[in-house]
Amino acid sequence: ATPTAVMVGTGVGASQGVLIKGGQALESAHKVNCVIFDKTGTLTIGKPVVVKTTLLKSMVLQDFYELIAATEMNSEHPLAKAIVEYAKKIREDEEDPVWPEARAFESITGYGVKATVRNKEIIIGNKSLILDQNIAIPVDGELMLAETETMAQTGILVSIDREVTGILAISDPLKPSACEVISILKSMKVRSIMVTGDNWGTANSIAKEIGIETVIAEAKPEEKAEKVKELQATGFTVAMVGDGVNDSPALAAADVGMAIGAGTDIAIEAADIVLMKSNLEDVITAIDLSRKTFSRIR
Ligand code: ADP
Ligand code: MG
């Protein structure tokens with residue numbers, strides 16, 4: 001392609017809300033034969049909501065939520081925001097409730113959070129976090145977790161003073177275009193993979209729903225980047241699509257990093273292409289544009 005063609009391609013991209021940071025990014029995109037999608041905020045809307053609470057011990061729901069909201073208030077995680085929102089909602093009487101003080105707050109990236117509230121030790125997070133703390137998960141808790149996973153929801157455990165007291169089911173709906181985008185990529189001979197920090201059960205349910213065959217779950221940020229490199233080593237030209245801080249190492253490692261416009265600044269900085277409208281379809285727009293610019297056959 002001539003420099004003029006590259007300029008035109010980049011311009012067309014910009015006019016469609018696909019921000020391409022330079023000619024190299026536009027060129028690499030036409031060779032992409034594998035796209036790795038982050039789950040939360042990329043394939044899903046990224047605005048999770050609490051859809052069900054199961055208490056395993058007798059406790060007033062408002063009191064239960066007061067303890068967990070006080071803890072999650074200190075976390076930036078989308079799941080934390082969902083939990084605090086729900087806690088506000090069930091308080092009904094107050095617009096902006098004041099939560100009790102949380103001491104010794106600790107965030108365990110990829111697992112959950114801990115704090116001391118009203119002299120009680122609160123631990124909120126996934127199954128691994130609870131088991132790592134040597135806290136037993138009762139059978140009815142395990143059953144609830146399994147149910148959330150088959151429903152493509154995320155199950156979060158709440159431990160109060162080392163007893164699993166409740167299970168929250170949190171749902172983050174798929175973006176309406178997710179299925180179609182995966183099927184179009186398939187027709188373009190591009191393989192789709194999903195990578196997420198969420199658990200295997202939930203990840204598999206979501207992947208099945210949208211037609212993605214390869215899933216990597218319970219992945220830490222470094223593992224997302226390692227997966228990119230592994231695929232590159234086996235001859236794939238890899239695009240990574242993500243929105244979070246935890247996606248930025250993978251976005252940087254990919255042949256083409258594509259950030260969701262509504263994502264975090266760190267992801268946008270690490271990427272080669274920014275999908276300004278946050279539409280998944282624009283993954284295809286970017287690849288198409290590159291193919292049109294760089295293909296010899298016109
Ligand atoms: P993702 O790739 O889906 O953004 P993360 O690596 O951020 O996943 O988190 C993985 C898992 O850790 C979440 O699915 C959740 O189970 C648990 N987790 C992380 N942060 C929190 C939190 N603030 N509260 C409760 N659970 C959390
Ligand atoms: Mg994400």
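Me: Which strands form a hairpin with two residues between them, and what is the phi of Arg118 in the turn?

Reply: In this predicted model, the hairpin is made by strand 5 and strand 6, and Arg118 in its turn has a positive phi of about 50°. Strand 5 covers residues 112-117 and strand 6 covers residues 120-125.

Me: How many bridges join strand 5 to strand 6, and do they run parallel or antiparallel?

Reply: Two strands count as paired if DSSP finds at least two bridges between them. Here strand 5 and strand 6 run antiparallel and are joined by six bridges.

Me: How does strand 4 pair with strand 5?

Reply: Strand 4, residues 102-108, pairs with strand 5 in the antiparallel sense, over five bridges. Glu106 has Lys114 in strand 5 as its bridge partner. Strand 4 and strand 5 also form a hairpin, with three residues between the strands, and Gly110 there takes a positive phi near 85°.

Me: Is strand 5 mostly covered or mostly open?

Reply: Burial is read by counting neighbours: a residue is buried if 20 or more other C-beta atoms lie within 10 Å of its own. Five of the six residues of strand 5 are buried, so defined.

Me: How is the chain divided into domains?

Reply: Domain 1 consists of 3-45 + 174-294, and domain 2 of 49-171. The domain centres, taken over C-alpha atoms, are 32 Å apart. Contact between the domains involves eleven residues of domain 1 and ten residues of domain 2.

Me: Which helices supply the side of domain 1 that touches domain 2?

Reply: Helix 3 and helix 9, residues 200-210, each give at least two residues to that side. Helix 9 has the largest share, five residues. By residue type, that side of domain 1 has one nonpolar, seven polar and three charged residues.

Me: How many residues surround ligand 1, and which are the closest?

Reply: The shell around ligand 1 holds 21 residues, the closest being Thr40, Ser75, His77, Asn126 and Gly197. Domain 1 and domain 2 each provide at least three residues of the shell. Among the elements supplying at least two residues each are helix 3, helix 5, strand 5 and strand 6. The shell divides into six nonpolar, twelve polar and three charged residues.

Me: What confidence does the predictor give?

Reply: For the complex, the predictor gives an ipTM of 0.96 and a pTM of 0.89. The mean pLDDT of the chain is 94, with 99% of its residues at 70 or more.

Notes. Residues are numbered from 1 along each chain as its sequence is written. Chains are lettered from A and ligands numbered from 1 in the order in which they are written. This is a predicted model: local features need pLDDT of at least 70, side-chain atom pairs count only at pLDDT 80 or more; totals for chains, interfaces and linings use all residues. A residue is near a molecule or strand if its C-beta atom, placed from the backbone, lies within 6 Å of it. Helices (H or I, at least four residues) and strands (E, at least two) are DSSP runs, numbered from the N terminus. Ala, Val, Leu, Ile, Met, Phe, Trp, Tyr, Cys and Pro count as nonpolar, Asp, Glu, Lys and Arg as charged, and the others, Gly among them, as polar. Domain bounds come from an automatic or database domain assignment. pLDDT is the predictor's confidence in each residue, from 0 to 100. Two residues are in contact if their C-beta atoms, placed from the backbone, lie within 7 Å. A residue is buried if 20 or more other C-beta atoms lie within 10 Å of its own, exposed if 12 or fewer, and partly exposed in between; C-beta atoms are placed from the backbone.
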